[in-house]
Amino acid sequence: MAFELKGRRVWIAGHRGMVGAALLRRLQREPVTLLAADRAALDLRRQADVETWVEKNKPEAIIIAAAKVGGIKANDAYPVDFLYDNLAIQTNILRAAAEQGVARVMVLGSSCVYPKLAEQPIKEETLLTAPLEPTNQWYALAKIAAMKLAESYRRQHGRDFVSVVPTNLYGPGDNFDLEQGHVISALMRKIHEAKQAGRDAVEIWGTGNPKREFVFVDDAADGLVFLLQNYAGEDPINLAGGEEVSIRELAGLLAEIINYQGRFEYLTDRPDGMPRKLLDSQRISKMGWVPSTSLRDGLMATYRWFAQTRL
Ligand code: GFB
């Protein structure tokens, strides 16, 4: 049964993040009232504050895009932030939403919720069938807990809470910090800076062999809005269908876009993380949604944004 967005009050929790900002852009094209709370006005880790805010602002649909996120190194370095902050944010919002009778809530998982050595492409049923990748276990556990909490509210209290598992995302608004960021933003910046400085080599963490599937963030936002309207299942649903490349191929593509002629040096003492995480996108594609931006076009748009905004 479709969820009619028209006239609804929709809260994008985490509207300043990469995904939240893309959701804001996407939902501005819909006849909805958008709600947002700045960090200074609402700390999502404080349960009472979240409950008061939800009671006062009366959202009818919520997308939980708020999260403590980061790349492989940040995940490993800040386990408490990744586990505690994410548990608190998601739990507080789900509970407040349940108490206030919010019509629909969407929890965002992450491809790292699936086992490290999951069979590829990874189907939704693979969840919790084998051990996690250690470098991102903290984030993965918090995301799994939120997905299961949504499922439990659905079972026990009949709440219309759904979970979506997006593949690796990138795009404008990404975190370009070299230590904290994900691979696309970090490598884009490293290669750009090496070119500016005339350096003939760029360091890449790990072997370059891991494979990642990437979806452009504006496509992801479009997919999330599509699912918000059309998906009401108890099971999580993968938001995927992007392009899969090895980190080595990704570096080559970025060098081409940035027009960098230097070499890459692989720091093989750094962790690779999951060897591969290609999500099975059959469920969403059968519903009629596929991403539309090629990896090359998405990287070029991201590089334009980086060059204009960050330099
Ligand atoms: O994007 P990324 O940090 O996270 O790393 P994950 C992807 C791959 O790129 C890993 C390699 O094999 C990294 O070792 N890599 C190479 C680099 N050079 C770099 C670099 O300069 N910076 C970064 N960041 N990586 C994340 C999880 O896993 O995926 C999160 O840690 C979340 O929890 C996210 O689930 C979607 O794809 O490995």
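Visitor: What percentage of the 311 residues of the protein count as buried?

Guide: In this predicted model, 52% of the 311 residues count as buried, the cut-off for that word being under 20% relative accessible area.

Visitor: Why is D81 called partly exposed?

Guide: The relative accessibility of D81 is 29%, and because buried means under 20% and exposed means over 50%, with partly exposed in between, D81 counts as partly exposed.

Visitor: Where is D81 found, and which residues does D81 touch, not counting those up to four places away in sequence?

Guide: D81 is found in helix α4, which covers residues 79-100, and, with residues up to four places away in sequence left out, D81 touches K68 and N86, where a contact requires heavy atoms within 4.5 Å.

Visitor: How do you know that the radius of gyration agrees with that of a compact globule?

Guide: For 311 residues, a compact globule would have a radius of gyration near 19 Å, and the protein has 19 Å, so the two agree. The C-alpha atoms fill a box of roughly 60 × 40 × 40 Å along the principal axes.

Visitor: What share of the contacts between residues at least 6 apart in sequence joins residues at least 24 apart?

Guide: That share is 81%, in a protein that has 10 helices and 12 strands.

Visitor: How many positive and negative side chains are there, and how far apart are the centres of the two sets?

Guide: There are 39 positive and 39 negative side chains, and the centres of the two sets lie 2 Å apart.

Notes:
Residues numbered from 1 in each chain as written. Predicted model: local features only at pLDDT ≥ 70, side-chain atom pairs only at ≥ 80, totals over all residues. Heavy atoms only, no water. Helix = DSSP H or I, 4+ residues; strand = E, 2+ residues; numbered from the N terminus. Rg over C-alpha atoms; globule rule 2.2 N^0.38 Å. Buried < 20%, exposed > 50% of the residue type's maximum accessible area, 1.4 Å probe, protein only. Lys, Arg positive; Asp, Glu negative; His and termini not counted. Charge placed at Lys NZ, Arg CZ, Asp CG, Glu CD.
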